[in-house]
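Dear colleague,

My notes on what was found in it follow directly after.

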Amino acid sequence: MHWGSCNSPLHEYESEGQSKWMHRSCISDLSATASNRARWPIRKLRHQVEAVIGNDLLHNCAGVLPSDVTQANRTAKMQELDTQLAGLFVTRAAISNVPADTFDDFLELHVEALSWIARENATPIEERLARVRARYRLI
């Protein structure tokens, strides 16, 4: 399954599938005299299927928009990464014997050092950002 298909609303898929199934299975025998499809009688089975889809499957619909899920996932991932970064900075400061009262100064200086390290990497930052954006495009 391609992840992009998750962004298409389920109800559209159900409606399309339901229509095709209804067309094949639920229209009663066609009368040679009724050439207008709108006048063809509908089988009892079609009404039963419509009732099942309308009632029994309702509990499967969460009513959440895919864009809301994507945004919630993106926010959760950013919070997770920020928490990891904070833990790494505390660990790095502890290993460097940084006193608690100078931790903020350490952060500022170390961010500058990290920026230099990122720029000095053999792979340009633009290429690395594009690769990561592609990996997390659905988050």
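In which loop is Asn97 found? Asn97 sits in the loop between helix 3 and helix 4, and I return to this residue below.

First, the basis of these notes. The model is predicted, so local features are taken only where pLDDT is at least 70 and side-chain atom pairs only at pLDDT 80 or more, while totals for chains, interfaces and linings use all residues. Residues are numbered from 1 along each chain as its sequence is written, and side-chain values use heavy atoms, with hydrogens and water left out.

**Confidence and overall layout**

The mean pLDDT (the predictor's confidence in each residue, from 0 to 100) is 79 for the protein chain, and 70% of the residues score at least 70. Confidence is lowest in helix 1 (residues 10–25), with a mean of 54, and highest in helix 3 (residues 66–95), with 94. Where pLDDT is low, the predicted coordinates should not be read in detail.

The protein chain contains 5 helices and 0 strands; helices (H or I, at least four residues) and strands (E, at least two) are DSSP runs, numbered from the N terminus. From that terminus on, the order of elements is α-α-α-α-α.

Of the 139 residues in the protein chain, 9% count as buried. Here buried means under 20% relative accessible area, exposed means over 50%, and partly exposed lies in between (1.4 Å probe, protein chains only). The protein chain exposes about 11400 Å², of which carbon and sulfur atoms supply 59%; these areas come from the Shrake-Rupley method with a 1.4 Å probe, and for residues only the protein chains shown count as cover. Among contacts (heavy atoms within 4.5 Å) between residues at least 6 apart in sequence, 40% join residues at least 24 apart.

**Helix 3 and its cover**

Helix 3 has 30 residues and spans 43 Å from its first C-alpha to its last, close to the expected 44 Å. The expected span is 1.5 Å times one less than the number of residues in the helix. Thr70, Phe89 and Ala93 are buried in helix 3, and the cover over its buried residues includes helix 4 (103–120).

His110 lies in helix 4 and is buried, at 15% relative accessibility. Apart from its neighbours within four places in sequence, His110 is in contact with Phe89 and Arg92.

Most residues other than glycine have a negative phi, and most peptide bonds are trans. Asn97 is exposed, with a relative accessible area of 67%.

**Salt bridges**

The structure holds 2 salt bridges, each being a side-chain nitrogen of Lys or Arg within 4 Å of a carboxyl oxygen of Asp or Glu.

- Lys77 pairs with Glu80, with the closest N and O atoms 3.6 Å apart. The two residues are 3 residues apart in helix 3, and therefore separated by about one helical turn. Glu80 is partly exposed, at a relative accessible area of 38%.
- Arg131 pairs with Glu127, with the closest N and O atoms 3.8 Å apart. Both belong to helix 5 (residues 125–135) and are 4 residues apart, about one turn of the helix. Arg131 is partly exposed at 45% relative accessible area, as is Glu127 at 44%.

An α-helix has 3.6 residues a turn, so residues three or four places apart point the same way.

**A nonpolar surface patch**

Leu114, Trp116 and Ile117 form a nonpolar patch on the surface, with about 320 Å² of accessible area together. Patches are made of residues with over 30% relative accessible area and no salt bridge; like charges are joined within 9 Å, and nonpolar side chains (Val, Leu, Ile, Met, Phe, Trp, Tyr) within 5 Å. Trp116 is found in helix 4.

With kind regards
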